[in-house]
Amino acid sequence: MTFGIADFHCDVLSKLLVNPNLTFQGSEPGLLDVTYERLKESGAVLQTFAVYIPEKLNGSIEPILESIDLFYEQVLTCPDMMLIRNRTDLTESLAAGKIGALLSLEGVDGLQGSIPALRLLHRLGVRAAGLTWNHANWAADGVMEPRGGGLTAKGKTFVTECDKLGILVDVSHLSERAFWDVADLASRTIIASHSNAKALLNHPRNLTDDQVKAIIALQGLIGITYVPWFVGEGEQVSVDHVLRHIDHVGGLGGEQHIMLGSDFDGIDKYVNGLTHPGEVYRLREALLKRYSEEQTKRFLSGNALTFLSAHLPA
């Protein structure tokens, strides 16, 4: 049985945006977590590339467009990378043994409330969108915003338009109130691209059991992340700590709703032995000690690929 890896969140585009000397293919080891070579090494079948704009550059659409241009010029020019816009693309990518590349937004600040801008980004290939990073913007409050507000009127319009376009709404960085606003409003489904279980580690970026159950009820997905401070306490956070979050979400009825959301290139500290895609085999080996081959395959890629086959545009 093959164990392809699908990862629903990395921030390599942000590093490429900030440092023009970096390259997705052929970078010196250690400069980037996610590279073309490491994705090939890991047996990746799908990688989601987030457009995250650092706060010092945030506020206009220009850095968003620059990031998407980097995605086209540096990622999609690699011989075995393929843009995933719809179900047909996904089927063809898997059949050809290529690595599917999905494009997402992590924070919509630069759109400044413009629905036409959202439609244009959809035409460029954006298929998932998180409304905020950790703070507040025109659409919603992020999870670290002290007032804990929900969606704004423009934010609600944005979610509705995402549903119409077939853009998945990502709730990972939303305040709890904004999460419930999205859950109540979404006519399709939602994802949490890179969040863990708050019952195991009480971090604001983790999901409560009620939130996990709501995502499951909406037939959504939860990307278990390797961000060490979302995984376990102390300096020695291990792959076993990651497994506990998989166990917990599965115990809430989420076995069919677990995927991976590494947050590689968005972190500067790592789970021990899990520092780039080429090391995800350690998670696979740990899963196989606890779960069947079929369950392990679902967690590593099967659930994500089945989900996309159902929820990407036809």
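Visitor: How many salt bridges does a search of the whole structure find?

Guide: The search finds nine salt bridges. A salt bridge here is a side-chain nitrogen of Lys or Arg within 4 Å of a carboxyl oxygen of Asp or Glu. This is a predicted model, where local features need pLDDT of at least 70 and side-chain atom pairs count only at pLDDT 80 or more, while totals for chains, interfaces and linings use all residues. Residues are numbered from 1 along each chain as its sequence is written, and side-chain values use heavy atoms, with hydrogens and water left out.

Visitor: Which residue forms a salt bridge with Lys40?

Guide: Asp80 does, and the closest N and O atoms are 2.5 Å apart. This pair links distant parts of the chain, 40 residues apart: Lys40 is in helix H2 (residues 36–42), and Asp80 is in the loop between H3 and strand E3 (81–83). Helices (H or I, at least four residues) and strands (E, at least two) are DSSP runs, numbered from the N terminus.

Visitor: What else does Asp80 meet in a salt bridge?

Guide: The side chain of Lys98, at 3.7 Å from N to O. Lys98 sits in the loop between helix H4 (87–95) and strand E4 (99–106), 18 residues from Asp80.

Visitor: How exposed is Asp80?

Guide: Asp80 is partly exposed, with a relative accessible area of 21%. Buried means under 20% relative accessible area, exposed over 50%, and partly exposed in between (1.4 Å probe, protein chains only). Lys40 is partly exposed at 41%, and Lys98 is partly exposed at 25%.

Visitor: Now helix H6. What does Glu161 pair with?

Guide: Glu161 forms a salt bridge with Arg119, with the closest N and O atoms 3.2 Å apart. Glu161 lies in helix H6 and Arg119 in helix H5 (residues 115–123), so the pair ties together parts that are 42 residues apart in sequence.

Visitor: Is Glu161 buried or exposed?

Guide: Glu161 is buried, with a relative accessible area of 10%. Arg119 is partly exposed at 34%.

Visitor: And Asp163, where is that found?

Guide: In helix H6, which covers residues 153–165. Asp163 is buried yet has no salt bridge.

Visitor: Which side chain of opposite charge is nearest to Asp163?

Guide: Arg188, 4.3 Å away. For charges, Lys and Arg count as positive and Asp and Glu as negative; His and the chain ends are not counted.

Visitor: What is Asp163 in contact with?

Guide: Leaving aside neighbours within four places in sequence, Asp163 is in contact with Val169, Leu185, Ala186, Ser187 and Arg188. Contact means heavy atoms within 4.5 Å.

Visitor: Different topic. Which residues gather in a patch of negative charge on the surface?

Guide: Glu62, Glu66, Asp69 and Glu73. Patches are made of residues with over 30% relative accessible area and no salt bridge; like charges are joined within 9 Å, and nonpolar side chains (Val, Leu, Ile, Met, Phe, Trp, Tyr) within 5 Å. One of the four, Asp69, lies in helix H3 (residues 62–75) and is partly exposed at 44%.

Visitor: Where does Gly30 lie?

Guide: In the loop between helix H1 (12–18) and H2. Gly30 counts as exposed, at 62% relative accessibility.

Definitions and conventions. Accessible areas come from the Shrake-Rupley method with a 1.4 Å probe; for residues, only the protein chains shown count as cover. The place of a charge is taken as NZ of Lys, CZ of Arg, CG of Asp or CD of Glu.
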